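Please find below a short note for a colleague.

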Amino acid sequence: MNVAAIFPTDPAAAAAALAQQGNLATDALQGVLPAGVPWWMITLGGAGLGFAAIMGFVTVMSMFSIWLERKVAGHIQVRLGPMRVGGWHGWAQSIADGVKLLLKEDIVILGADKVLFKLAPALVLGTALATFVALPFGPGAMIADVDLGVYFIIAISSVTTIGIIMAGWGSNNKWSVYGAMREAAQVASYEIPFGLSLMPPVIYYGSFSLRAATEAQAGWGGLHWYIFDPLTFWVAIPSFVLFFVSILAETKRAPFDLPESESELVAGFHTEYSGIRFSFFFLEEYAAMFVMSGVGAAFWFGGWNFPGLSLLEGSPVLHSLAAVGVFTVKSMLLVFVMMWVRWTVPRLRIDQVMTLGYKYLTPLTLICVFAAALAEYLKS
Amino acid sequence: MTLLEKDRAPVSASRHYWRNVFQTVKSTAVGMGITFKYLWSKPVTVQYPDEKLPTDERYRGIHYLEQDLCICCDACAKACPIDCIEMDATRQGKELDWHSFTLDYQKCMFCELCVYPCPKDCIHMGKEYALVTEDRGTLVLDLLGWKGLTEEQKVRIADAEAKKAAKAAAKKTKDAAAPPAAPAAPEVPEAPAAPDGDEEA
């Protein structure tokens with residue numbers, strides 16, 4: 001992509017570029033605003049709308065996930081979890097916690113590297129929010145239809161690691177640095193099986209685009225998902241399992257939560273953080289879980305496709321909303337499985353994490369990639 | 001899940017590798033099955049202040065007093081090893097006018113020694129245990145259900161008074177009726193004579 005394509009000066013090229021973006025927010029703005037508004041204003045406005053939408057969605061989704069996590073943890077341990085705040089099963093617990101975190105003192109410790117310390121939460125949350133741009137929520141309900149959607153998500157979510165290393169280093173605390181180093185080691189090693197486990201579906205769809213992948217699974221009245229395809233399910237299921245283990249490690253979820261293992265490292269990289277800065281790391285964890293689960297839902301479980309959804313095609317807005325609902329529910333189900341794993345499996349040691357990553361996941365994902373290629377060869 | 005002998009038997013490296021993969025997947029699946037079962041089981045915890053777990057039959061909690069039986073004999077207070085029981089009542093004839101019966105739960109160690117000496121078996125260890133407060137002064141509890149005299153007691157006192165008055169009146173009338181018969185009964189004048197004799201003595 002050259003600069004002229006991103007920032008066109010010619011009005012016709014600008015209009016073409018806007019039309020090409022496939023961006024719901026800019027499309028809507030173009031419909032509402034008068035014709036004389038310059039293209040960059042529309043792009044900026046679209047970005048603002050997109051940011052507001054993502055921020056609102058991530059906040060609500062994270063709060064719900066945190067509440068759900070505590071309920072799942074409680075019920076797996078045969079207790080109740082939050083029950084008081086808000087009345088029905090403590091539904092407002094996360095809101096109360098959020099208000100508490102907002103009101104708490106924001107402590108920047110004396111020996112901290114102030115720039116890194118303050119920048120880290122913003123970088124971590126910002127990159128987590130940026131990955132939402134490429135998620136295929138529904139037809140027309142994508143912030144941007146990125147051709148290399150999965151590639152974009154892998155690349156941007158890796159930047160989170162830099163933020164976490166900044167947090168660990170800037171905290172001037174040995175435990176924080178240990179946590180950050182573990183995060184770096186873990187993400188660097190699991191990046192390989194994570195990327196490779198995404199290759200079987202990419203080979204199957206012949207595209208990196210999450211929207212193209214979703215649309216390719218629209219057959220059989222919305223049930224022709226990759227994992228149900230009779231010709232390739234024998235590759236799809238193992239590759240999904242490997243993908244799922246990799247995203248657990250990528251999002252620092254138990255049993256791979258070594259960067260913040262509270263029994264050894266106090267709280268790992270966020271030991272020194274309090275108040276709203278801590279809550280940024282918290283939001284990032286749940287945002288990253290949702291994004292990774294969303295990629296899994298889009299590639300293996302049909303994205304927004306579901307039987308009966310095509311009945312709504314008459315009204316685009318209703319269809320879009322229903323599609324967003326289906327995609328969110330599918331992703332949240334995978335998030336639930338991540339919680340379920342967390343409260344089942346004990347944390348691994350760092351050497352066990354490395355063994356699993358290099359000795360088991362990497363070769364097995366490579367085998368899956370070859371199997372997927374073989375399946376495509378046999379089909380053609 | 002314990003590892004069986006055959007799972008630990010030495011095998012070739014490649015078989016060992018695949019056995020590890022298989023065992024990891026299997027044991028994780030078994031574990032997730034167990035937690036999934038627990039996820040839908042009924043929680044064993046209760047919502048404490050709203051519902052409480054049943055206490056033991058012999059549980060020693062906050063005392064309760066059967067005030068209508070109590071005779072204010074101080075036996076429990078004397079038995080108390082840390083002197084946390086105090087009681088105060090005024091006697092109105094046979095009835096007790098209760099002022100206070102306090103237990104200081106800052107001191108009380110729930111030893112049950114106050115229960116045994118009670119001659120009327122009217123102080124017991126209860127089942128209540130939550131003594132949560134922001135002010136220690138509120139831990140001195142008064143076990144009285146009522147203070148002063150009850151209506152019942154007042155009626156009983158009034159009855160007793162009336163009975164006494166009736167008795168006295170009956171005696172008076174008897175005395176009043178006696179003089180005409182005085183000559184006939186020589187012992188009656190003797191009765192007033194006895195005090196006279198005492199005075200003289």
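**Note on the predicted model**

1. The structure is a predicted model, and the points that follow should be read on that basis. The contact between the two chains involves 13 residues of chain A and 13 residues of chain B.

2. On the side of chain A that touches chain B, two elements give two or more residues, namely α4 (39-76) and α14 (316-342) of chain A. The largest contribution to this side comes from α4(A), with three residues.

3. As to its composition, the side of chain A that touches chain B has ten nonpolar residues, two polar and one charged.

4. The next points concern backbone geometry. Most residues other than glycine have a negative phi. Asn172(A) is not a glycine, yet has a positive phi of about 55°. Asn172(A) sits in the loop that joins α7 (149-170) to α8 (174-197) of chain A.

5. Is Asn172(A) buried, partly exposed or exposed? Asn172(A) is partly exposed, because 16 other C-beta atoms lie within 10 Å, whereas a buried residue would need 20 or more and an exposed one 12 or fewer.

6. In chain B, Phe110(B) likewise has a positive phi of about 55° without being a glycine. The loop between β3 (95-104) and β4 (123-125) of chain B holds Phe110(B).

7. Phe110(B) has 14 C-beta neighbours inside 10 Å and therefore counts as partly exposed, since this number falls between the limits of 12 for exposed and 20 for buried residues.

Key
Residues numbered from 1 in each chain as written. Chains lettered and ligands numbered in written order. Predicted model: local features only at pLDDT ≥ 70, side-chain atom pairs only at ≥ 80, totals over all residues. Contact = placed C-beta atoms within 7 Å. Helix = DSSP H or I, 4+ residues; strand = E, 2+ residues; numbered from the N terminus. Nonpolar A, V, L, I, M, F, W, Y, C, P; charged D, E, K, R; others polar.
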